[in-house]
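Take a look at the chain below. This report walks through its cross-links, its core and its surface.

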Amino acid sequence: MASGYGLSGGPSRCFPFWQELLACYVVNTNTDDVTGAKKCVPALEDYYECLHHRKEKARAIELQRAYRRAEAAHPRENAPRPGAIRNLGLLDREEDTKDVLDTNRSITAGNGK
């Protein structure tokens, strides 16, 4: 990223944002007056978001929290048991599934659990 070149040899993914930020600084500031840099804050935020994806990550985390809250508030009525998930009814091998479950039960019973 520091070189300005992307993985495929072209410009990096954030290069257009960097150009926009640089253009904003060139237009709004000069050597005597740097107060125009305040106008470039949105462009600077866009560039940092492209580099670090902080807003995107925060949004994804918030969506996950909202999903978990909604899931906890309205539990499924017909939620599958762990034993039912093992087979999924796709292989038509109920005997094998029963053997595995019986083995697990006997191991668990043998350990005193």
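C24 and C40 are joined by a disulfide, with 2.1 Å from S to S. The model is a predicted one. C24 sits in helix α1, while C40 sits in the loop between α1 and α2. The two cysteines are 16 residues apart, and their bond links distant parts of the chain. Both C24 and C40 are buried. The torsion about their S-S bond is -100°, and the link is left-handed.

How many disulfides does a search of the whole structure find? It finds two. The other one joins C14 to C50. C14 lies in the segment before α1 and C50 in helix α2 (residues 41-52), so this pair ties together parts that are 36 residues apart in sequence. C14 and C50 are both buried. Their S-S torsion is about -95°, so this disulfide is left-handed too.

The table sets out the two bonds.

| Disulfide | S to S distance | Torsion about the S-S bond |
|---|---|---|
| C14 to C50 | 2.0 Å | about -95° |
| C24 to C40 | 2.1 Å | -100° |

Count the bonded cysteines along the chain, and the disulfides follow the pattern 1-4, 2-3.

**The core**

Which residues make up the largest nonpolar core? There are seven: C14, L21, C24, C40, A43, Y47 and C50. Helices α1 and α2 each supply at least two residues of this core. The largest share comes from α2, with three residues.

**The surface**

Now move to the outside. A nonpolar patch on the surface is formed by F15, W18, L22, V26 and V27. Together they have about 480 Å² of accessible area. V26 has its place in helix α1 (residues 15-28). Is V26 buried or exposed? Its relative accessibility is 60%, so V26 counts as exposed; the cut-off for exposed is over 50%. C24, in the same helix α1, is buried instead.

**Confidence**

How far does the predictor trust its own model? The average pLDDT of the chain is 81. A score of at least 70 is reached by 79% of the residues. Among the elements of the chain, α2 has the highest mean pLDDT, at 95. Helix α4 (residues 82-87) has the lowest, at 61.

Terms used:
Residues numbered from 1 in each chain as written. Predicted model: local features only at pLDDT ≥ 70, side-chain atom pairs only at ≥ 80, totals over all residues. Heavy atoms only, no water. Patch = residues over 30% accessible without salt bridge, like charges linked within 9 Å, V, L, I, M, F, W, Y side chains within 5 Å. Areas by Shrake-Rupley, 256 points an atom, 1.4 Å probe, with all protein chains shown as cover. Salt bridge = Lys/Arg side-chain N within 4 Å of Asp/Glu carboxyl O. Helix = DSSP H or I, 4+ residues; strand = E, 2+ residues; numbered from the N terminus. Buried < 20%, exposed > 50% of the residue type's maximum accessible area, 1.4 Å probe, protein only. Disulfide = S-S within 2.5 Å. pLDDT = per-residue confidence, 0-100. Core = buried A, V, L, I, M, F, W, Y, C linked by side-chain atoms within 4.5 Å.
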